[in-house]
Amino acid sequence: MNIVNKIIVISCVFYFPMWSSKTIHPIYWEELGKLDYFSYSYAAMAFIGSLAFIYPKVLASIGGKASLIAGFVFYAAGLMLRAYPLSTFLSVGSGILAGVGACLIGLCIKALINNIEGDTQQKAILWSNNSYTICQGVGILFSGWIVYLFAFVTAEPYLYASLIFAVLALTGIFSYKLFGQGNSDELGKHSDVDYMKFFSNNRSITLVVVASFFGIGVIQGFLLPLIPIFMNERGVEIQTISTILAASTVCGLLVQNLYAKIFAKEYAKYGLITICAIITILLAVFLSTLKGEDVVLTITIFGFLFMTLRSLVSFLIGVIEYQMVSKTDTIVLIGIIQSAFLSGDIIGGLLLPYVKNSDYLLDNSMVIPSVYFVLILLLSACVKKEYSISLVQNKK
């Protein structure tokens, strides 16, 4: 089995139970009157995610295979505890365990991609994204049906469905068998992590990357949940909104695959700038239109286009993450990126109700899209010169 297929297997074993459980847990906990525990669990998981910069050290210390096994064990244990929302302690514990597991698994996937050379690397990034999107759709569908079927045989269908998803996550521990022994093992390639040396060698890039991803996290943290809310308030029916989001997910999948088929990874920097310029315009038009009347059709179209192209932006950001520093430093940088983004996402989530109740976003419809574009420009400027040189040589 080639390395891309191995990444697909690990991604699917991780993302499928993730999205299946994500769908039913809030409903399950709400039925039990424990929705506050649910928020504690996810807040704990987000906090653990914001500490992702420490996990490259773990990966270097215990090795890739051990990290992968530990990741699936922790993640499965977290999902198992979420089947029993009995106390604040268990809820917070479930978030901590699931957060540690998710960080380790995600970093192992990134480490595998980092060890790939040439255009195969872009293919691996693409199929990791594809796995995420496909598992999102299939997992959401599967979760509803398994609860429905369990309801015929038990009075606690959500409980047993939650346990099934935990068991599915636990099967991921066997994915280490995909990899060989010794130096030929893709997961065995790891070196010690020296944070001081990393910051000394990459001070400017680190500062720009942290600022950019923190800002992007803040914006996405409050903006993405607001888009369906704004659409609903302007008269778009809930079934239409769900259809738009589902259709944009499918179209986003198609667009990023089409892009990867046409362009090599050296073009990612320029593709990211171009697509983000388009998104900036779409988002500004979307926000400015919200203050008008009879705007259902307009905001539906622009909302759909924005959400579709956002998938392509996510893919392109995933590509340039591997083009900023040397291969030996990339995993450290990715840990820092995850910490910065998730920290921003937490702040954005906290700002959500204040932004929603304020008219600033709609009165100044160009501000947030422009800030988003500037942050993307800063990220693009961090791409190593060798990729631009490679692009020029390819043109010749």
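User: Which residues of H4 are buried?

Analyst: The buried residues of H4 are Gly 64, Lys 65, Ser 67, Leu 68, Ala 70, Gly 71, Phe 72, Tyr 75, Ala 76, Gly 78 and Leu 79. Buried means under 20% relative accessible area, exposed over 50%, partly exposed in between (1.4 Å probe, protein chains only). Helices are DSSP runs (H or I, at least four residues), numbered from the N terminus.

User: Where do these numbers come from?

Analyst: This is a predicted model: local features need pLDDT of at least 70, side-chain atom pairs count only at pLDDT 80 or more, and totals for chains, interfaces and linings use all residues. Residues are numbered from 1 along each chain as its sequence is written, and side-chain values use heavy atoms, without hydrogens and water.

User: What do the buried residues of H4 pack against?

Analyst: They pack against helix H1 (3-31), helix H2 (35-50), helix H3 (55-62), helix H5 (88-114) and H7. Contact here means heavy atoms within 4.5 Å.

User: Take Ala 76. What does Ala 76 touch?

Analyst: Ala 76 touches Ala 166, Ala 169 and Leu 170, not counting residues up to four places away in sequence. Ala 76 sits in helix H4. Its relative accessibility is 4%, so it counts as buried.

User: And how many Å apart are Ala 76 and Ile 368?

Analyst: They are 38 Å apart in space, C-alpha to C-alpha, and 292 residues apart in sequence.

User: What span should H4 have?

Analyst: H4 covers residues 64-81, and its 18 residues should span 26 Å at 1.5 Å a residue. The expected span is 1.5 Å times one less than the number of residues. The end C-alpha atoms are 26 Å apart, which agrees.

User: New topic. Which domains are there?

Analyst: The domain assignment gives domain 1 (1-190) and domain 2 (191-395). Such bounds come from an automatic or database assignment. The two domain centres, taken over C-alpha atoms, are separated by 23 Å. In contact are 33 residues of domain 1 and 31 residues of domain 2.

User: Is Thr 308 buried or exposed?

Analyst: Thr 308 is buried, with a relative accessible area of 6%. Thr 308 lies in helix H12 (residues 296-320). Leaving aside neighbours within four places in sequence, Thr 308 is in contact with Ser 248, Cys 251, Gly 252 and Val 255.

User: Where is Phe 152?

Analyst: Phe 152 is in the loop between helix H6 (120-150) and helix H7 (157-170). Phe 152 is exposed, at 60% relative accessible area.

Technical notes: Helices (H or I, at least four residues) and strands (E, at least two) are DSSP runs, numbered from the N terminus.
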